[in-house]
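Visitor: Please take me through one part of this model in detail. I would like to look at the place where the two chains meet, and then at what lies beyond.

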Amino acid sequence: MELPDRHLHALHTVQVRTSEDLLGLVARGDREAFAELYDRVSAQVYGLVRRVLRDPAQSEEVTQEVLVGVWQTAARFDPDRGSATTWILTMAHRRAVDRIRREQAGRDREVRVASREHERAYDEVAETVETRMEQQQVRRALGQLTDLQREAVEMAYYGGYTYREVAELLDTPLGTVKTRLRDGLIRLRDTIGVTA
Amino acid sequence: MNPDMHALVGAYAVNALPDDERTFFERHLESCEACRREVDELAATAAALGTAAAEAPPEGLRARVLAEIDVTRQIPPPLPAPQRATAARTRFERFPVLRMAAAAAVLVVVAGFGALTARLMDRIDTLETELALTQRITAVLAEPDMRTLAIDAPAGTTARLLHSPAGQRAALVVDGLAAAPQDRVYQLWVLRDGAALPDRTFRPGQDGRALVVLEHSVTEGDGVAATLEPAGGSEQPTGEILLHAPAHA
């Protein structure tokens with residue numbers, strides 16, 4: 001039959017470029033590759049930045065900074081060290097955290113009930129079925145942590161607190177916070193099944 | 001091998017280190033493969049936490065980003081072995097003082113890392129920041145074609161721009177610069193094609209001195225300027241130009 005043959009042929013000739021491929025092209029100034037990469041990652045970047053910064057206007061600014069930063073420093077991406085998405089989201093998280101520390105130096109220091117607040121935020125943000133599934137997966141993985149590990153990880157990751165601030169807020173020794181962050185992330189890594 | 005360093009891997013992976021500790025930890029990463037591997041895995045885990053929060057950005061952002069990249073220079077991919085064709089004019093005789101300061105800072109850091117009191121840690125934090133800065137400066141100085149350019153500056157202030165045309169790196173060295181008011185900060189700009197690109201902000205030390213390595217790549221066609229801006233820096237210069245190194249032909 002002709003139809004399945006054509007279909008199979010199409011599958012063979014379509015080449016889906018990985019995000020790592022795109023980033024390599026971007027490093028050499030390929031604007032079209034950048035536009036495609038933008039379409040793939042901008043929602044993740046914006047969503048993450050928004051989780052940390054909350055404010056939509058600031059989130060938009062920082063998202064722009066991050067994406068321009070991806071263009072600017074694509075040559076620094078080392079595929080041996082991790083995926084393009086990890087590299088981009090790490091940059092996004094770092095800039096969001098830098099911004100929140102600059103902007104909110106005097107912010108309110110009440111200790112939030114981390115998991116309840118973030119459950120609410122999850123529901124607000126879910127737009128697609130895939131996102132909802134990913135959120136469930138993350139939530140389930142976070143559920144595998146001890147309460148203390150989860151609290152430390154959430155405060156650091158979503159709250160943008162330094163480990164010293166976390167220690168101060170929770171009235172916990174520095175060493176304990178460092179350990180909880182590390183152990184918590186290791187546990188998450190094993191649950192989510194991530195390798196760099 | 002310092003066990004304290006390895007304990008910071010988790011905090012680093014979620015960007016929970018204060019700036020000065022982050023610099024020091026990144027320097028550690030350069031020479032510790034075990035930590036690097038663990039950081040890479042935990043960073044991927046942290047990114048998974050981030051992936052789940054996706055949300056479509058506002059309309060118009062895409063167009064703005066694409067417009068901005070058209071006027072944004074990219075860092076070049078790392079060069080292989082040096083290919084310096086230009087004549088070298090080095091001024092290393094000027095800068096042994098910096099190397100001595102770096103060595104002294106290293107000694108104090110190594111001596112201080114035993115039992116830590118909060119005050120000692122603060123002192124170490126400061127020295128680590130200075131050390132990291134000195135290393136960035138040294139990288140500029142190490143370029144064989146590095147040269148110094150005079151900068152127009154207010155009376156009482158001496159300023160020079162260290163520039164490597166081949167490496168496209170530049171650093172500002174300034175002495176006798178007036179302190180920035182409480183709510184303001186000096187900001188560097190790279191002047192290119194009629195535009196002013198925002199670069200690092202800084203405040204001079206008590207002695208009016210500052211060493212700042214510019215983030216942007218800087219070529220011979222670029223100018224460099226410094227203005228006073230509101231704390232946190234600006235997107236476009238609002239203050240008057242206080243330091244100015246014009247573009248070279």
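Guide: Ten salt bridges are counted between chain A and chain B. This is a predicted model, so read every value as computed from predicted coordinates. One of the bridges links the side chains of A:Asp39 and B:Arg62, with N and O 2.8 Å apart.

Which elements of chain A touch chain B with two or more residues each? They are helices H2 (19–27), H3 (31–53), H4 (56–73), H5 (84–103), H7 (129–143), H8 (147–157), H9 (163–170) and H10 (174–192) of chain A. H3(A) gives the largest share of that side, 13 residues. Sorted by class, the side of chain A that touches chain B holds 30 nonpolar, 14 polar and 18 charged residues.

Now the extent of the contact. On chain A, 62 residues are in contact with chain B, and they meet 57 residues of chain B. Together the two chains bury about 5600 Å² between them. Carbon and sulfur atoms carry 59% of that area. Three residues stand out on chain A: A:Arg81, A:Arg182 and A:Leu185 supply 11% of the area that chain A buries against chain B, more than any other three residues.

Back to the charges. Over all chains, the whole structure has 25 salt bridges. Take the one between A:Glu60 and B:Arg64, where the closest N and O atoms are 2.1 Å apart. A:Glu60 lies in helix H4 of chain A, and B:Arg64 lies in helix H5 (residues 61–70) of chain B, so this pair joins two chains.

Next, the sheets of chain B. One is an open sheet of four strands in the order S1-S2-S3-S6, with antiparallel pairing. Strands S1 (147–150) and S6 (210–213) of chain B stand at its edges. Each has a single partner strand, so one side of each is left without a neighbour in the sheet. Neighbouring strands here are turned by 20° against each other on average, direction ignored.

Walk across this sheet from S1(B). S1(B) runs antiparallel to strand S2 (residues 158–164) of chain B, and four bridges join them. B:Ala150 stands opposite B:Arg160 in S2(B). S2(B) then pairs with strand S3 (residues 169–175) of chain B, antiparallel again, over seven bridges. Here B:Ala159 faces B:Val174 in S3(B) as its opposite residue. S2(B) and S3(B) form a hairpin with four residues between the strands. In that hairpin, B:Gln168 takes a positive phi near 55°. S3(B) is in turn joined to S6(B) by four bridges, and the two run antiparallel. B:Ala171 has B:Val213 as its bridge partner in S6(B).

Keep one general point in mind when you follow a strand. In a regular strand the side chains alternate between the two faces of the sheet.

Chain B also has an open sheet of four strands in the order S5-S4-S7-S8, with antiparallel pairing. Its edges are strand S5 (195–202) and strand S8 (241–245) of chain B. Each has a single partner strand, so one side of each is left without a neighbour in the sheet. The twist averages 25° from one strand to the next. Inside this sheet, strand S4 (residues 184–192) and strand S7 (residues 223–230) of chain B pair in the antiparallel sense over eight bridges.

Methods
Residues numbered from 1 in each chain as written. Chains lettered and ligands numbered in written order. Predicted model: local features only at pLDDT ≥ 70, side-chain atom pairs only at ≥ 80, totals over all residues. Heavy atoms only, no water. Pairing = 2+ DSSP bridges. Axes fitted to C-alpha atoms, helices over the stretch in contact; angles between N-to-C directions. Contact = heavy atoms within 4.5 Å. Buried area = accessible area lost by both parts, 1.4 Å probe. Salt bridge = Lys/Arg side-chain N within 4 Å of Asp/Glu carboxyl O. Nonpolar A, V, L, I, M, F, W, Y, C, P; charged D, E, K, R; others polar.
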